[in-house]
Amino acid sequence: MPRSEGLSPLRSYLEELKSSQSPIKSGSLILFSGLSGEETKLLKEAWLSIPLSRRCQVVQRLGEMAEEDVELDFGAVFRVCLSDPDEGIRVGAIDGLWECTERSLIAPLISLVQNDASERVRAAAATGLGRYAMLAAMGKLGERDASRVWTCLLQVVEAEKEPLEVRRRAVEAIGAFSFPQVPAVLEKAYRNPELKMKCSALYAMGRNCDPRWLPILLNELSSQHPDLRYEAVNACGEIGEQEVVPLLIPFLSDPDFQIQLAAISALGAIGGAQA
């Protein structure tokens, strides 16, 4: 059936969402996959007339369905939800767009980072920009777009007035870049007295994939704090140097189960006979 002929079922379902208290079913939500331009316009017009609790349920369930079936495409819905008045829905929309690498999403994410009233949303948007930092690192993002992402993230990192959660997510994202300023940014973040920022710095060092960070990471492997050990183990796996394999093996029996899993993942990433 041509998409234009599918407007009636979509319109009917939107009306049902406005008024019905019946459970939201996955079979009906499939109508939101692969929306055409006309269908997206219809969704925009109807979206805010759906009760908040129902909108929250829809966004949550669409995110779950997208993870379960990669063939489903709810990108148009999540883009509409980026401007929802509810911060939880905006965060869910950003998370739902986790696979999107279209350059058209860069501007909305930058706008959310810079202007959104919600700390949660700004932090999630900074994480979203991290995908584009990774694309830039792989040479899959144009220089102009890479510069826009870099500039936005750096401004956040350097803005002392920004909440810690927003700044540390920007640090994590910025780690993927190879610009000359990156080492200084990560070193400063690592020296931060806040545990969460130190953890983010270690995470960013792993994304940076530069062996220069190994002395710091190997030192943190002996940290008494499990969060620091966890990030150090993961980062060692990202950098992938064979020399750390013997040092990671003991973490297969770490008291913290999450660190055990991180060690398994890191050894698998590094590879080699001993691993």
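Helices here are DSSP runs of H or I with at least four residues, strands are runs of E with at least two, and both are numbered from the N terminus. This is a predicted model, in which local features need pLDDT of at least 70 and side-chain atom pairs count only at pLDDT 80 or more, while totals for chains, interfaces and linings use all residues. Residues are numbered from 1 along each chain as its sequence is written, and side-chain values use heavy atoms, with hydrogens and water left out.

Back to Arg167. Is Arg167 buried or exposed? Arg167 is buried, at a relative accessible area of 11%. The cut-offs are under 20% for buried, over 50% for exposed, and partly exposed in between, with a 1.4 Å probe and protein chains only. Setting aside neighbours within four places in sequence, Arg167 is in contact with Val156, Val157, Ala159, Glu160, Glu162 and Met197. Contact means heavy atoms within 4.5 Å.

One of those residues, Glu160, also forms a salt bridge with Arg167, with the closest N and O atoms 3.9 Å apart. A salt bridge here is a side-chain nitrogen of Lys or Arg within 4 Å of a carboxyl oxygen of Asp or Glu. Glu160 counts as exposed, at 55% relative accessibility.

How many salt bridges does this rule give? The count is 18. I will show two others.

Arg168 bridges to Glu172, and their closest N and O atoms are 3.6 Å apart. The two sit 4 residues apart in helix H10 (residues 164-174), which means about one helical turn separates them. Arg168 is buried at 11%, and Glu172 is buried at 10%. Both belong to a network of salt bridges that links Glu165, Arg168, Arg169 and Glu172.

The next bridge joins the side chains of Arg212 and Glu187, at 3.8 Å from N to O. This pair links distant parts of the chain, 25 residues apart: Arg212 is in the loop between helix H12 (195-208) and helix H13 (214-220), and Glu187 is in helix H11 (residues 182-190). Arg212 is partly exposed at 45%, and Glu187 is partly exposed at 31%.

Now to helix packing. The axes of H12 and helix H14 (residues 226-239) come within 7 Å and cross at roughly 10 degrees. Axes are lines fitted to C-alpha atoms, for helices over the stretch in contact, with angles from 0 to 180 degrees between N-to-C directions. H12 and H14 are therefore roughly parallel. Angles under 35 degrees count as roughly parallel, over 145 as roughly antiparallel, 65 to 115 as roughly perpendicular, and the rest as oblique. Residues making the contact include Leu195, Leu202 and Tyr203 of H12, and Leu228, Ala232 and Ile239 of H14.

Last, the aromatic rings. The whole structure has 4 aromatic pairs. Rings of Phe, Tyr and Trp (its six-membered ring) pair if their centres lie within 6.5 Å; planes under 30 degrees apart are stacked, over 60 edge-to-face, and the rest tilted.

Tyr13 and Phe32 form a tilted pair, 5.9 Å centre to centre with 55 degrees between the planes. Tyr13 is in helix H1 (residues 7-19) and Phe32 in the loop between helix H2 (26-29) and helix H3 (37-47), so the pair ties together parts 19 residues apart in sequence. Tyr13 is buried at 5%, and Phe32 is buried at 0%.

Phe177 and Phe179 are stacked, at 5.2 Å and 15 degrees. Together with Trp150, Phe177 and Phe179 form one aromatic cluster.
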